[in-house]
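Morning, everyone. Please bring the model up on your screens. I'll take you through a few places in it.

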Amino acid sequence: MLTPEPLHIAFVWHMHQPYYRSARTGVFSMPWARMHALKDYLDMVEILADYPELHQTFNLVPSLVEQLEDYASGHFTDIYWEHTLKPAGDLDPTERAFVVERMCEHPDHPRARLHDRYLELARKREAHASHSWEACAEAFTVDELRDLQIWFNLAWFDPLALAVEPLAELVKQGRGFSEDHKQVLAQVQTDMLVRTLPTYREAAVRGQAELSTSPYFHPILPLLINSDCARISAPDTLLPSRRFAHRQDAAEQVSSALDKHESVFGKRPQGMWCSEQAVGEDVLPILINAGLQWTISDETVLARSLSGAAAPATAANGAYTPQRMEPNGLSPDSLYSSYRLERHEGELAIVFRDHTLSDLIGFAYQSWDSRHAAADLLQRLRDLRVTLASAPCPLVTIALDGENAWEYYPGDGRDFLRFLYEGLNEDPSLRCVTIEEHLRECPPVRSLGWLHTGSWIGGDLRTWSGDKAHNTAWDLLHDARDAAAASGSSAAWRHILIAEGSDWFWWFGDHRRSDLDHVWDLEFRVRLQEVYRLLQRPLPTALLIPILDQAPAALPSLPRGPVSPVIDGRVGEAAEWEAAGLLAADLPSTMQRSEQTQIDEVRFGWQAETLCVMIVPASPANLEGLEVELRVVRQGSDDDPVVRLALKEGGRVEVSRVRWACSSEKHAPETPLERTPGGIPAQERVRAAWADVLEVSVALEPSAATGRNLSLVVHVGRDGMIEHVFHSVGLTSIAGEAL
C-alpha cells in the first residue's frame, strides 16, 4: 500500500501597517511600523531559521517596506521617538501630557502587566485620567516621566531581545533610569531596524520563504475600479454620490508595488495578496496583465463564487467522497484546492484560506495555554490529512496578520510558534510549503469561472463602503483625485495614492471606533488639503469639516439672541457675549498641538449683518503668534467670505482680506488691510483685537449673512500648521439671528 503524500500546508503571514507619515511635515505621527519591527517583523522570519524544512510565505506591503527603509536609514523623525529622547526634565507641559496620554499602556494590557514598574505607572495614569492630560501629567515626577519614556519603548521589544544584554539589564533595573539608558534603546533599535528587510531577503534566497506583495498603499482594488461593485455582495449598500471608477489607479497601485518589491528584494514577486483579500472579476485583468502568477482570498469568497452549488469532486479512480461539509457549504475538497482563473487576458491561480484555522491563531489561541493551542492546531491538521487522504494534491492555507496576532499571546506568541513548528517539523505527514512551491508541484486543475467580489471580512466590502462617513470620504477623495490627475503634479498625485489606502476607510465605518478616530479623520482631510495647496487651488470647505460625526456633548449651539461686544480683546460686561452660540471642536490629539496653542472655546453671534466671533484661550499668553482663519460657508457657493488674522505682540492684529462674497473684491489676492493702533483695521468691515481673548467682527454683505445653509468654520494654528478646527456642523444654519 502506497504511503499517502504529506498534506501541504501554506502559512501566509501578512505584514502591514498604515502609512504613518504626516501629509504636511513628513514626520511619523504614529510609531507602530517601528514598534512592530522591534517585536514582530524580524522575529517572525528569524524563528524559521531554526526549522529549515518549514517553508512559509510572507506578504510585505510596499508602503510598510518604504517606512521600514526610512527607519533603517536613520534619517527619520518619529514624534514618539522624539518625545522619548528629550530629557524628561526639559519636557514642557504639552510634551509631558503627550508622554502620559500616548506613551503608556492601559493597566490591563500585557505589556504593562509583565513589568512591575510599568504597571505601577499605568495605574497612576489611570487614577488621574479623569482630569485633563496636562493635569494628569502634573501628577508625575520627572523620574516617573523618564521611566515612562523608557518603558513605553522597552516593553515593545521582542521577549528574546529583552532576555539578553543590553536590554536584560534595563528590565532587571526596572526603575530609576537615567537619560543615558535611552541610548541603549537607540542602539538595539537601530540594529533591529537595519536587519529587518535584509533578513527577509536572505530567507527568500535560501528558499525557505516566498515573499509576496500587495497594492502599494493598500487600497481596496474593487472599489478603486468601480465603487458600485460594493452592491455585488451587499445590494443594500449606500453608494457615494459620484461613482469612483478609476481602473488606472488600481493598475498603478499594483505595478508600483511590483517595482518596489523587486528593487528591495531583488526578485519580482509571483503572488499578490490584494488588500484585505478583496478580489473580484474586475481585479483579475489587472493582476494577469501585471504578470502575477497567484493571488489569495477567503473561503467565504470561494463559497459565493461557487454559489453554494458546487458538486463534490471525485478522485480519478472514483473513490473519493467528502466526509463532511464546512459551515459555509463548501466541501473539504473544494476549500482545500487551488483554482485556475482563465480569462481573456490570460491565466492566474488562486488559493483560499481556511477561515476557521486562521482565526483560531488570530483571535482564539491567545487565551489558551501555548502548548495546548499548538497541539490543537496540529491535531486539526492531522484530521484534515485523513479527510483529504484521497483528494488530489490538497492545500490547507492559513493566512492572517503576521504582527497583530501576537499582542495578547504569552511571550508574544513565541512559545506557541515553537510548539507548533516543532510539531510540524517532526510529523512527516504534514509539510509546510510556500504558495509558489505548491502551485509548481501541483498545478491547479479546477477552473473557477466566476470570482465573487468581496473580502476576507464577511465576503463583502461593507468595511470600506456604505456608511455616511465612507461616502463623504469617497466624494472628497474623488474631487481631489480629479484635480490632481488634471494637473500632472507628481507630488499631488502621491497624496492621492496614499489617500486611496484602505486604512482611512476602515475607521470611517460605523462599526469601528478608537480613541484616535479624530486623528485619522483629520490626517485624511489634511492629506487632501495638501493636494489643493500644491495645485494652488481654493480649498473646498468640506475638507475643513470633520467627516465623522461628533459626540453629542461636542455639538454646536445657536445664539439665543443678538450679541453686543466691544471689540477690544477683553470681556467687559457679561451681556456682551451672554447670548452667543458655541462652535464645536474637531478634537485634536496632543501630537497636533503646540504648547502655546490651547483654546477652551469659540463663541459666535450677530449684530445685524455683522458676524462676531470670540476665541477664548486656555491662557491669554497663548494668543500671541496665533494664526486664525474665519470662513463663512454657503452651500452651493465657491466664493465663501474668508478672513485671516495674525496675532502680533502688543495686542496688534494683522488682517488679510482673502475674498469678500458678493463684491468686486471676492477674488482679490490676499492683501493686508491698513491698521490703526490697537489692531482695529481702518476699513470697518473687519475689526479685531486681542488681550484676554480674541474678538473679531466681520461685516458681511446682506446676501452673505442670510440663507438657510450658512455655516462657520474657524481654524486656529501657529507657524502655518492648523492645530484646532471649530465648526457649526450639525446646525441647519447660523443665519437665524443675523437680521
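Is S334 buried or exposed? Keep in mind that this is a predicted model. S334 comes out at 1% relative accessibility. Buried means under 20%, so S334 counts as buried. Where is it? S334 sits in helix α17, which covers residues 332-335. What does S334 touch, once neighbours within four places in sequence are set aside? Its contacts are L302, L306, Y339 and R446.

Next, helix α18, residues 355-364. Look at its start. There, a side-chain oxygen of D354 comes to within 3.0 Å of the backbone nitrogen of T356. Now the buried side of the story. Which residues of α18 are buried? They are L357, S358, L360, I361 and G362. In an α-helix there are 3.6 residues a turn, so residues three or four places apart point the same way.

On to a helix pair. Find α6, residues 116-128, and α8, residues 142-154. They pack at an angle of about 115°. Their axes are 10 Å apart. The crossing is left-handed. Which residues meet there? From α6, we have R117, Y118, L121 and K124. From α8, we have D143, E144, D147, L148, W151 and F152. By class, that contact holds 5 nonpolar and 5 charged residues, and no polar ones.

Now some backbone details. Go to E165 and P166. A cis peptide bond joins them, with omega at about 10°. P166 belongs to the loop between α9 (159-162) and α10 (167-173).

Take Q277. Its phi is positive, about 50°, and Q277 is not a glycine. You'll find Q277 in the loop between β4 (271-272) and α15 (284-289). Q277 has a relative accessible area of 0%, so it is buried.

Then A608. Its phi is positive too, near 55°, and again the residue is not a glycine. A608 lies in the loop between β13 (599-607) and β14 (610-617). Is A608 buried or exposed? Its relative accessibility is 53%. The cut-off for exposed is over 50%, so A608 counts as exposed.

Q277 is buried, whereas A608 is exposed. Both have positive phi. That's my tour. Over to you.

Terms used. Residues are numbered from 1 along each chain as its sequence is written. This is a predicted model: local features need pLDDT of at least 70, side-chain atom pairs count only at pLDDT 80 or more; totals for chains, interfaces and linings use all residues. Side-chain values use heavy atoms; hydrogens and water are left out. Axes are lines fitted to C-alpha atoms, for helices over the stretch in contact, and angles run from 0 to 180 degrees between N-to-C directions. Helices (H or I, at least four residues) and strands (E, at least two) are DSSP runs, numbered from the N terminus. A crossing is left-handed if the near helix is turned anticlockwise from the far one by less than a right angle, and right-handed if clockwise. Contact means heavy atoms within 4.5 Å. Ala, Val, Leu, Ile, Met, Phe, Trp, Tyr, Cys and Pro count as nonpolar, Asp, Glu, Lys and Arg as charged, and the others, Gly among them, as polar. Buried means under 20% relative accessible area, exposed over 50%, partly exposed in between (1.4 Å probe, protein chains only). A polar contact is a pair of N or O atoms within 3.5 Å; within protein, one must be able to donate a hydrogen and the other to accept it, and residues adjacent in sequence count only if both atoms are side-chain atoms.
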